[in-house]
Amino acid sequence: MKELLIGNAAVARGLYEAGCNVISSYPGTPSTEITEFAAKYDEIYCEWAPNEKVACEVSFGASLQGARTACAMKHVGLNVAADPLFTLSYTGVNGGMVICVADDPGMHSSQNEQDSRHYAIGAKVPMLEPADSQESYEFAKKAFELSEKYDTPVLFRMCTRIAHSQSIVETGEREEVGVKPYEKNPAKYIMMPGNAKKRHPFVEERTEKLTALAEDCEFNRIEYTDSKIGVITSGASYQYVKEALGDSVSVYKLGLVNPLPVKSIQEFASKMDKVYVIEELDPIIESHCKNIGVNVVGKELFSLIGEFSQKTIAAAMQKDAKKVYDLEMEIPMRPPMMCAGCPHRGMYYVLAKNKVSVLGDIGCYTLGAMPPLTALDSTLCMGASISGLHGFNKAGGEESEKKSVCVIGDSTFMHSGVTGLINIAYNGSNSTVIILDNSITGMTGHQQNPTTGYNIKGDPAAKIDLETLCRSVGINRVSVVDPYDLKECERVLKEELNADEPSVIISRRPCVLLKYVKPKKPLTVNKDKCKSCKKCMSFGCPAISMHDGKAVIDKTLCVGCGVCEGLCPFGAIESEVQE
Amino acid sequence: MQTKNIMIVGVGGQGSLLASKLLGRLLVDEGYDVKVSEVHGMSQRGGSVVTYVRYGEKVYSPIIEEGEADFIVSFEKIEAARWLSCLKKDGKIIVNTQQIDPMPVIIGAAQYPSDVLDEIAKKGAFVDALDALSLAEEAGSSKAVNIVLMARLAKYFDISYDKWIEAIEKTVAPKFIDLNKKAFELGYNY
């Protein structure tokens with residue numbers, strides 16, 4: 001059947017058809033849909049794990065038992081899962097295991113643009129990289145065979161433009177492969193020094209075998225044309241090369257991006273007058289070519305930074321640019337922002353008003369850094385708000401403790417915040433931790449997590465009680481506030497900042513985009529009462545703007561949260577729609 | 001045939017996802033190779049969003065670059081201006097005259113340019129402007145702006161009205177089909 005699928009859905013389809021039985025993942029753009037689509041197939045057990053390390057280890061266990069299994073994460077998620085990955089390389093697998101990792105060149109939705117191919121090199125495991133949805137499907141299907149044949153987990157690299165681009169896929173049927181028998185094998189699976197020392201040579205031999213495979217395999221192909229200008233490329237870059245240069249170059253397209261072939265690259269290069277390596281992010285293919293004595297042009301022409309396109313390639317190869325229209329006009333930027341009615345905004349308003357330092361975390365609420373609230377001081381990685389605040393306060397002492405907080409979402413807290421909170425309790429800083437509990441994993445598009453009470457299929461599941469959890473790790477002061485109630489938020493904030501022991505404030509209200517959160521009637525501004533003081537504007541709600549000197553509420557955006565009504569000193573914002 | 005390029009631009013949350021889904025379905029049914037590309041995640045939260053739809057015999061790149069777009073369908077006025085440099089010389093802009101103030105304008109750090117569509121037209125670009133929001137509301141929901149704009153785009157295509165309706169039936173949730181058919185009719189006959 002021919003279908004238009006995003007790359008991630010195609011990966012899910014491939015995993016499904018290859019008989020995958022267990023998938024455990026943590027959501028992260030641009031990887032999330034792999035698991036969301038896989039969860040639609042009843043034959044696959046799918047789950048959202050609390051973080052990528054757990055997901056990868058669940059997948060390990062499923063493989064050990066003998067099932068074909070996968071996990072999926074974004075590039076920075078693989079940092080979290082790196083610990084199991086590096087030793088999984090030694091143990092190898094029983095059932096085939098695929099670790100999907102989605103890079104984000106250009107940082108559409110990420111805090112860095114690290115190149116996950118380094119992990120394949122570092123952990124000495126094979127890595128596949130598809131260039132469109134059809135390949136995403138085919139490679140995913142074949143990844144299990146590769147994994148089982150070479151006794152290795154397989155890294156499966158996606159990037160934003162492949163993960164989120166739809167193209168046509170010709171799909172097939174699922175093949176049930178069942179679960180292989182499990183046999184106890186301490187020498188292979190207990191990685192203590194004596195055993196691990198014996199497994200390391202296996203890893204090196206495996207890389208040699210995989211390199212031999214790379215010389216001539218179904219994942220790599222050469223497209224010769226009449227041209228003696230050669231390009232070596234992979235993934236999304238391949239598409240940009242074909243678009244910009246067409247048949248004016250011969251192309252060596254790599255699909256197995258670790259290990260890289262040696263002889264076949266040398267042979268390809270020997271037939272060319274000049275060879276370019278065109279790869280996004282780091283010079284991995286380029287360095288390999290130079291190591292094996294192949295002279296190539298790479299990063300001196302093609303940037304280390306950001307995403308490529310047909311234009312960047314055409315420009316580097318000195319082809320003509322095509323721009324026609326140029327508007328000499330200042331177009332205001334339109335940055336992303338928290339939605340109208342977002343519960344995070346109320347807490348940020350109070351934090352900004354009280355001029356406290358705020359160590360932030362990863363999620364929708366990172367947008368609190370944007371004007372007019374500009375409420376954040378730092379964002380590093382998942383969980384770093386809590387651990388960071390502890391260090392910030394240990395270095396800054398009591399003065400810091402009384403004017404600093406951290407904010408972390410419910411899902412991020414479950415991911416890696418709770419360990420930081422344990423550290424605060426154990427090593428005693430009078431830190432004030434704010435959990436922004438919007439009852440969902442928001443930024444990645446509403447995934448369930450251990451605090452929501454539902455699993456990936458939407459079925460009821462055990463619900464972690466945040467208050468009990470915080471108390472049980474040794475935090476005595478745990479309070480819950482409604483972020484729509486600004487006065488109460490401010491009162492509790494001041495009280496907890498001045499307390500002489502650590503505290504947790506749970507700012508609780510569900511995301512307004514959740515289906516069960518019904519919007520109220522939009523509010524309106526009574527023009528006669530509006531004194532144009534712009535107090536409501538300081539709240540940073542996208543539904544409120546000034547027109548002809550008066551505040552106006554956009555009724556298509558307003559969800560009637562009513563917070564601005566309380567902010568207006570003149571009672572000009574009214575909740576009843578004036579007919 | 002040379003690959004054709006359509007950009008759908010707007011503000012996160014305006015429903016460009018459904019528009020691209022509809023277009024993708026239609027073009028696959030017409031037998032073309034198709035690529036549809038959009039970015040999910042952070043930029044969707046009220047930010048400027050863009051979807052690329054490309055179709056032809058064989059489509060390589062999923063994205064559309066400067067000077068390549070045959071059509072820019074803009075859900076909001078200044079978004080048409082933001083992406084104007086992507087338009088081909090004889091490309092066409094279909095634009096909803098709705099104004100959505102971005103945060104820098106809301107907080108007074110920037111001005112919303114009042115004459116932006118005139119400025120685009122002055123450059124010689126073809127501009128088809130319509131109040132899609134009013135037509136969508138007439139059809140029954142402000143959320144149907146996407147279908148109204150797709151209907152407007154359909155006017156420039158050599159694909160029958162019925163084929164578009166068929167694609168709507170295949171992509172829209174059953175309970176919204178009538179609403180969207182109405183929105184399509186209003187946009188098409190406007």
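**Exercise 1.** What area do domain 3 of chain A and domain 4 of chain A bury between them, and how much of it is on carbon and sulfur atoms?

*Solution.* The structure is a predicted model, in which local features need pLDDT of at least 70 and side-chain atom pairs count only at pLDDT 80 or more, while totals for chains, interfaces and linings use all residues. Residues are numbered from 1 along each chain as its sequence is written, chains are lettered from A, and side-chain values use heavy atoms, with hydrogens and water left out.

Step 1. Locate the parts: domain 3 spans 343–508 and domain 4 spans 524–574 of chain A, with bounds from an automatic or database domain assignment.

Step 2. Buried area is the accessible area (1.4 Å probe) that two parts lose on being put together, summed over both. For domain 3 of chain A and domain 4 of chain A the value is about 740 Å², with 70% on carbon and sulfur atoms.

Step 3. Find the main contributors: in domain 3 of chain A, R345(A), Y349(A) and Y484(A) lose the most area to domain 4 of chain A, together 68% of what that side buries.

**Exercise 2.** Describe the interface of chain B and chain A.

*Solution.* Step 1. Chain B gives 64 residues to the contact and chain A gives 58 residues.

Step 1. The two chains bury about 5,200 Å² between them, and carbon and sulfur atoms give 61% of this area.

Step 2. Five salt bridges cross the interface of chain B and chain A. One of them links R334(A) to E79(B), with the closest N and O atoms 2.5 Å apart.

**Exercise 3.** Which strand of chain A pairs with strand 2 of chain B, and in what sense?

*Solution.* Step 1. Strands (E, at least two residues) are DSSP runs, numbered from the N terminus, and two strands pair if DSSP finds at least two bridges between them.

Step 1. Strand 8 (residues 165–170) of chain A pairs with strand 2 of chain B in the antiparallel sense, over three bridges.

Step 2. In this pairing, Q166(A) stands opposite V36(B).

Methods
Contact means heavy atoms within 4.5 Å. A salt bridge is a side-chain nitrogen of Lys or Arg within 4 Å of a carboxyl oxygen of Asp or Glu. Helices (H or I, at least four residues) and strands (E, at least two) are DSSP runs, numbered from the N terminus.
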